2 protein chains.
Amino acid sequence: MADRKIVEIVCVGTEILLGNIVNTNAQFLAKECAALGLSNYYQTVVGDNAERLKETIELALSRSDILILSGGLGPTQDDLTKEVAAKIAGKELYLDKKSEDNIKAIFKARGYELTPNNIKQAMIPKDSIILDNSNGTAPGVIIPYNDKYMILLPGPPGELKLMFKESVEPFLRSLSKEVFVTSTVKVVSVGESICETKIMDLIENQTNPTIATYAHDGEVHIRVTANAETEEEANKLIKPVVRELKQRFGNNVYTTHNDVSLEQAVVDLCKGANLRIKTVESCTAGMVAARIVNVPGASEIFKYGLITYSNKAKRKLTGVKKATLEKYTAVSKEVACEMVRNIDIGPKADVLIGVTGYADSNDESVPAGLVYIAVNVCGKTRVEEYRFNGDRNKVRTKATTQALVLVRECMLEYLSEMTFRDA
Amino acid sequence: MADRKIVEIVCVGTEILLGNIVNTNAQFLAKECAALGLSNYYQTVVGDNAERLKETIELALSRSDILILSGGLGPTQDDLTKEVAAKIAGKELYLDKKSEDNIKAIFKARGYELTPNNIKQAMIPKDSIILDNSNGTAPGVIIPYNDKYMILLPGPPGELKLMFKESVEPFLRSLSKEVFVTSTVKVVSVGESICETKIMDLIENQTNPTIATYAHDGEVHIRVTANAETEEEANKLIKPVVRELKQRFGNNVYTTHNDVSLEQAVVDLCKGANLRIKTVESCTAGMVAARIVNVPGASEIFKYGLITYSNKAKRKLTGVKKATLEKYTAVSKEVACEMVRNIDIGPKADVLIGVTGYADSNDESVPAGLVYIAVNVCGKTRVEEYRFNGDRNKVRTKATTQALVLVRECMLEYLSEMTFRDA
């Protein structure tokens, strides 16, 4: 790991300093660089100010090998990043014909009038590498500086991300002889501290692969990263560790793939078992359904959902009995269970998820955060009580995640019983 | 404005450098400081490393008046912020009895065992101001340093935000003789560049109040900020500008309050007119309902919603005709309109919102981003076609916002007709 390079992320934009936008570019770049095995010690945000930008870049160049700058490549007078970086590198700007043609073509296709300041975006520092922008007008550039590099990317996240994947990642990979491979073991129903305790021996003895845990919206992600000369070798290093983690956490591991989300795991389970899901939501009001539909191709297993926010809707749409509501109130195990009975409205489903709870409370008699989630898999119902902390939207978000966790558990139970019966 | 202070934000945590979390603390602090009239020129992220943290703090102290640091106040050996900042200020740490008792009480209440490292959180630099943590165990501190201040806040956003509001904001206000007041004029259905062009004369002549526009998830927010010696005077400066903006953008302004969201504006309109909303969603699959229910007290006007993802669900749950689906397909004006007819299932509603579209596409014949939104207010239906850019979730998010925009427009039309008829 002698050649491990240090990267520094500099985001340029007064709108970040004013707090008008969250700096998601910094997170994206940090995550990608970590996955490539680059070390990142500093991230800086600086405004659209030439002097402060110059100082920031010079400081970063003094302590890091690779600078990734985002923002300030646009057409306005405020956009200074290219000009300042070129000056530091002692390179003049020239008009790049191909970039100019590209900008003209985009304006033509959109039917917009091309104003002269847009051509500024085609001005490129001499001796730099031009990065095509597949999602916008401003090209990126890589400016070599002694044995270091300044990589300038556009600010809009959609343009930055695509340009990084298409051009910057291959460039960064070419700088290193090492290959880094990561597997993320994603665990639910286990708190972060318990999770860490359970694998402390592995963490303490880690060298290659490295192991780190991250709490993530009610889940714990254990990231296993190995480096080697080839991808195959790195994979070989990862495999036994991932196997060990799966053994320790059993069914609480829902995936070992970096890009698979909890909702994806649920949808995949349904597809594999040829089961269809229906949601009946009160306090989450559509959030569980919306997460399931996040997954491309969810239409195969998700046909419809109900949002029964009022008592009357619970009765009319899901057949919850008036007597049950009166005896136990809308936020109760009993009502949650009746919400997930298959009644004769709309197409039948095999897996039903029901959520009812208090997202918040203005009244001491109403316990904010009390949520009941019921899951019915092919006629068998399980119901659980939860007490979530946080404000209205935190409670709703936690309940949504927990609904997905519970439905996954119930489906696994069902599938293992099926296997047992078949055997 | 001679006493306008410069604030610098330093977030401490290796998890941010690894890209595991988005730095929402920086955005929160930046926004709050801007609202207080503080200038912010730099934001830095540094890891849990004593030497680099020391360098970062020293650099920040050399160029700013007030440092706000978040993170690194916890119980583990990694948590270094207090120790490093105290050393820079030349202050020793002492055990604060009150903070210790508070930590013990929290552990007792939660039924957790108190480990010795938790007491580290009660160690306070001499001569500093202790900030109570109403949401956790680690207190914050304000360490005076010459004529400057280091303000140390805990990393968890829920703790940081509450501590800022309860203790830091009053402290920062006490440092300045100026009062800053902001009004945010929130505009929909007008693009940012057109919006800016329409008020360029106001922007160019701005002094006090200042005027700035920000694009924000399909909306444009125009922030008007005035400073004066009293809040009353600042309000007097803002009023005529806000009035002018409302005149220029008319009904496209949905609020002039900083904290009112688009969904809040829709819910308020419904409450005012005593109308109830029902949602029927296909591609957004619950996102419109979930946003409406974001608003506390939404239960008064939102009773239920349907998620009709499949054709069969559209037929069975909302009475869309088989012939209409066959002739026009599920993504059509005609189907959108039939989705918002009041059919005899569940309680009746006065305002119905229907959304159908293609969130993405694997097939060239399917135009990704094509969405139809229909709104029915008391029997009168309006339907619009949209073509949204972006990936699956971007399209769904944009469609959700647009549904709220359209329902607001339709309700305003309805209400103005009512007024006309009544007159």
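Q: How far apart do the C-alpha centres of domain 2 of chain A and domain 3 of chain A lie?
A: The C-alpha centres of domain 2 of chain A and domain 3 of chain A lie 30 Å apart, where the domain bounds come from an automatic or database domain assignment. This is a predicted model, in which local features need pLDDT of at least 70 and side-chain atom pairs count only at pLDDT 80 or more, while totals for chains, interfaces and linings use all residues. Residues are numbered from 1 along each chain as its sequence is written, and chains are lettered from A and ligands numbered from 1 in the order in which they are written.

Q: And where do the domains of chain A run?
A: Domain 1 covers 6-175, domain 2 covers 179-255 and domain 3 covers 262-422.

Q: How many residues of domain 2 of chain A are in contact with domain 3 of chain A?
A: Eight residues of domain 2 of chain A are in contact with eight residues of domain 3 of chain A, contact being C-beta atoms, placed from the backbone, within 7 Å.

Q: OK, switching to the two chains: how many residues does each give to the contact?
A: Chain A gives 53 residues and chain B gives 53 residues. Several elements of chain A each supply at least two residues of the side that touches chain B, among them α2 (24-35), β14 (302-308) and α15 (392-422); helices (H or I, at least four residues) and strands (E, at least two) are DSSP runs, numbered from the N terminus.

Q: How does β14(A) pair with strand β14 of chain B?
A: The two pair in the antiparallel sense over five bridges, and strands count as paired if DSSP finds at least two bridges between them. Thr308(A) has Tyr304(B) as its bridge partner in β14(B).

Q: Now helix α3 of chain B, which residues are buried there?
A: In α3(B), Leu53(B), Thr56(B), Ile57(B), Ala60(B) and Leu61(B) are buried. They cover an arc of only 130 degrees around the axis, which puts them on the same side of α3(B); the arc is that of the directions from the helix axis to the C-beta atoms. A residue is buried if 20 or more other C-beta atoms lie within 10 Å of its own, exposed if 12 or fewer, and partly exposed in between, with C-beta atoms placed from the backbone.

Q: What's on the other side of α3(B)?
A: Glu51(B), Glu58(B), Ser62(B) and Arg63(B) are exposed there.

Q: And what do the buried residues pack against?
A: The buried residues of α3(B) pack against several elements of chain B, including β1 (6-12), β3 (66-70) and α4 (81-89).
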